[in-house]
Every structure is written in structure tokens, then in C-alpha cells.
Amino acid sequence: MAPKSDKTHSVAVIAGGIAGLATGLDIRDRARDAGLEVQVTIFEKDSEPGGNLQTIRQDGWQLEWGPNGFLDNEPATLRLVDRLDLRDKLQRSSDATAHRFLLVGGRIQEIPITPKAFLQSGMMSTAAKLRMAGELFVPPRKDLGRAAEDPATDETIDQFGARRLGQTFADVMLDPMVKGIFGGDSRRLSLAAAFPRMVELEKDYGGLFKAMIKLSRQRKKEGKSKTDAGPSGVLHSFTGGMATLIDAMVADLAADPVAEVRVNAEVRQISPTEDGWRVTTSDGDHGPFDAVVEAAPAHAAVRHLEHLDPIFANHLAAIPFAPMAVIALGFKREAVTHDLNGFGMLVPTREKRELLGALWTSSIFGGRAPEGRILLRCMAGGSANPGFMEQTDDEMAAVLLSELRPLFGLKGAPDMVKVIRHDRAIAQYVPGHLARLKELDRTTASYPGLFLTGSSYRGISVNACVKEAETIAVNVLKGLAEKHGHARTEAF
Ligand SMILES: Cc1cc2nc3c(=O)[nH]c(=O)nc-3n(C[C@H](O)[C@H](O)[C@H](O)COP(=O)(O)OP(=O)(O)OC[C@H]3O[C@@H](n4cnc5c(N)ncnc54)[C@H](O)[C@@H]3O)c2cc1C
């Protein structure tokens, strides 16, 4: 281990997933820019940092353990890419990804991208389409935006969809979207916590169609074309996969005398002491640290913090996680009848399948499959079907293959099968989540120098974690500056 310089301040970051690494890096960079000397130590349980961001390369296949990529509509991740000098490794998804599909009535159908095309499509009955068009006339709820203060007003995504666009729309469109993003159940997730933008649109414009019309007029006025990275953004990864981001962050930190990523360092507890914070790991006590950023998932963070306050014990433990299996299947191109010209397909619950969705990975990014092969990435399990995880790898693959064969015209056995199990894949922001965060924030603030971050709280995406890393870094440094009487807290 490289000798570290004499430190002025020290910060511990618990967990080396994207949230912890990005926060550690940001603290280091902002401190340096402000001329403040801060030693950053990241404690990671596993032998490799990165958490969900791991890329597996085997026999010419390139598979993602967790996220497939990130959208370019959030500048924070692109800022990180630039800071790490990774622009030349960035990979934009192909134009085929504009075509997205749903399984409706047992058939793979393309999702129309304009409301008009949707109304003309065969996705829903005429009555359901009329109900959907009636969204224009549904008045906005009066109590929007109060979920954190009054959890009784916290609608589920399904309730919101049914209220504004009709139950059929909620079942056909929202249910599979929530499975695809959260591995979750639209009947059990809070709209305000999972999709805060939807609440804002209803509140600010009076409804979704009204918002679309006004925003599209605004974009036209500003001279923006439809192909500019719009609100939904364009999916990006790296030619070497998502691990490229982690490898670059770890290399950057490892080369710096004021930073350290300690692997095989499972944190057991963090405690305030007279002179700062103590971090207890599997190999003993560390510290004192001036500040601690807890960036492990809530189910792990609870063990580190429960001894401090019952709010931590109760609220962190109450954040549920969906289990998910990712099953990668590789085929020879000629063994697949479907053209796979698109992003992938999601499966509404009412289709009664085990498959939650399948990404057509080799159509999205080049270099994911050997020459002449295609790669499908299937998801199953999720919070509505945890029993799926009880099967063996072979059983999982067999069940999914039996569902996929007739849909894609698959012939013969796959060339490659890889099953990746995520027992606690993604945090589920259930109704009451925002009120829970309020309590957690209040309790965290009563412990100066303690910060909570990561995908368990304010956004599950890579983008959300990286964006929040910037905010947390600023707050950590402000706290250090105030504690030690530095005048220029605005420097961060
Ligand atoms: C299958 C799947 C597909 C996804 N697809 C996408 C996608 O396409 N796009 C997107 O933006 N997001 C996607 N996500 C979500 C995204 O990957 C995660 O939300 C994000 O990686 C979470 O980062 P994190 O740092 O909060 O947590 P994690 O990645 O879970 O990292 C947590 C880290 O904490 C460590 N840790 C745990 N306990 C301790 C302890 N006691 N001491 C020290 N370290 C500890 C773990 O070892 C791990 O390294 C996907 C997630 C999954 C599971």
C-alpha cells in the first residue's frame, strides 16, 4: 500500500459500489480544487469494488452483471466520464434501440412512440384508448407533492396510471415498465419516490398530455429537434462494458496518495467517538475519521447504524429489495428467426409468463457477442415472483427458453447460457418511502459528520447515484470546513 501523506481531514466511505466510489472521488477532487487536504478511505466488502457494475468476458461474449448502461440525459455521469478521460471508450447504443416492444396478447408488438400512433395501434381496445385519450380532461389531484409530509397521499404507480390513463394502460404499459426498471410491482411502488417527474408534470401542467403538448411547443420554440437528447436520453455504455467506469475510478484513486480503496474490508459498525468516527471492519477498528459516508445498500447499512438510533434500525430495515435473475442466452444468428431489430421486449403481468423482459443486447451495443452470434439478456423473478429464484440455474434457463422459443423462433440449444443471481437486486421505493427518507434525513443530521447515500434512497439508476455523489461531496466538505473553522465553504 502506498504511503499516505500527512492528513488534515479524513473521510471514510462505506462500500465501493458506484455510489461509494463516485462520492469518494468527488470528495477528493473538490477538496483538492478548494485547497483542502482530505484523506479518503473507501471500505469495500468484496475482493473487487464496483458492486453491481461488473462486466464478464468469456469466449468472445461480453456480459453485464448488473446495469446495461446509463442514459445521457443526466450530465453528472458524463462529467465523471470526462474527469476520468473515458470519452474515447464511451459507446452509444445503436439506432435500433428506438424500437421497443411489449408482449401483448401473446404477440411481440412494437410500442408506438407518439400518442397518435398509440391510439392507432392494436395494443389496447377502443374503449381503453378512449379512456387513455380522456387523460386530457382528468383534473390534477389537489394534494400532489405532499407524499413526504403526508404518506396517505402517496399513490402507487398503478393507482396513478389507472386514475389518469385508465386501468388497461396501467396494466399494459406501466406494469411492464416498472418490472423492467425496478424488477418491481407497479401496485407496490410509490409514484412520488420512483418517478417524481410524473408528479411534477401533473402538478405543473395539469396532466401528462398537457405537459407533453406544452413541452414539445417549448422545445420547438427553442429550436431543439426530436433527435436531441430529449428527456428520456440515449443509452450509453463503454466498449469494454460498465466495468470500464469502475476500473478507471479505482485506478485513479489508487494512484493518489490521499485516497485508498480497501477491499475485503467488510464494515460491521460505525460509531461516533470523542474525536470523530470509528469504522469497525472484519479486521479491526479504523479511524478516527472526521466524516463517514454510508453508501452500502440499506439492508447492509442497517447493521452499521442500528445501534445508534431506532429510526435507523426500523427505517433502513424496512426498505425492501427485489430479487432478480439475469439469464444471458447466446445463439448462432441463423438459429433465431426474429430480426431482433430493437432494444428488447417487456412482458406485462397479465401475459402470465415467468419472463419479465428480454434485452436484445447484441442489437443495442456492438462487441457483446462473437461474430455471427446474438446475445439475449433475460430478466426473471422480481418482487412479484420471488419464488423463481428457488430454482436451479438449469431450471431457470429451461423455463425461459420454453417461453422464448416460440416468440423468437429459436432453434436448437443456445451456444452460451449464463445465470446471474441477484438476491437483493434493486431497492423498492414502496408507498411511504419519501416520509421514511425524511425521518432518516432528520436522524442522520443529528449525527454531525454522518451521511447516507446510494441507490436505496433517492434513485436507483447509475445516474442517480453519481448525481447524488456530487451533492454529498459538497455537504461533506462544507461540514469539514465548518467544523475546522475554514472560512470559504462556498468554494465547494
Ligand atoms: C440486474 C440489474 C440491472 C440494472 N440495470 C440498470 C441499468 O441498465 N441502468 C441503470 O442506471 N441502473 C441499473 N441498475 C441499477 C444500478 O445498477 C444500481 O442501482 C447501482 O449499481 C447501485 O449502486 P450502489 O453503489 O448503490 O449499490 P451496489 O452496486 O449494490 O454496491 C454496494 C456495494 O456495497 C458493498 N457492501 C455491502 N455491504 C458492505 C459492508 N458491510 N461493508 C463494505 N461494503 C459493503 C457491496 O459489496 C457493493 O460493492 C440495475 C441493477 C441490477 C441489479
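Mentor: Contact means heavy atoms within 4.5 Å. This is a predicted model, in which local features need pLDDT of at least 70, side-chain atom pairs count only at pLDDT 80 or more, and totals for chains, interfaces and linings use all residues. Residues are numbered from 1 along each chain as its sequence is written, and side-chain values use heavy atoms, with hydrogens and water left out.

Trainee: How many residues of domain 1 and of domain 2 are in contact?

Mentor: Domain bounds come from an automatic or database domain assignment. Here domain 1 comprises 9–52 + 241–319 + 430–491, and domain 2 comprises 55–73 + 87–96 + 321–427. In domain 1, 15 residues are in contact with 19 residues of domain 2.

Trainee: What area is buried between domain 1 and domain 2?

Mentor: Buried area is the accessible area (1.4 Å probe) that two parts lose on being put together, summed over both. For this pair it is about 1300 Å², with carbon and sulfur atoms giving 60%. On the domain 1 side, Asn 52, Met 242 and His 299 lose the most area to domain 2, together 41% of what that side buries.

Trainee: How many salt bridges does the rule find across this interface?

Mentor: A salt bridge is a side-chain nitrogen of Lys or Arg within 4 Å of a carboxyl oxygen of Asp or Glu. Between domain 1 and domain 2 the rule finds zero.

Trainee: Which residues come nearest to the ligand?

Mentor: A residue is near a molecule if one of its heavy atoms lies within 4 Å of it. Of the 33 residues around the ligand, Glu 44, Asn 52, Ser 455, Ile 460 and Val 462 come nearest. An N or O atom in the side chain of Ser 455 is 2.8 Å from an oxygen atom of the ligand.

Conventions: A polar contact is a pair of N or O atoms within 3.5 Å; within protein, one must be able to donate a hydrogen and the other to accept it, and residues adjacent in sequence count only if both atoms are side-chain atoms.
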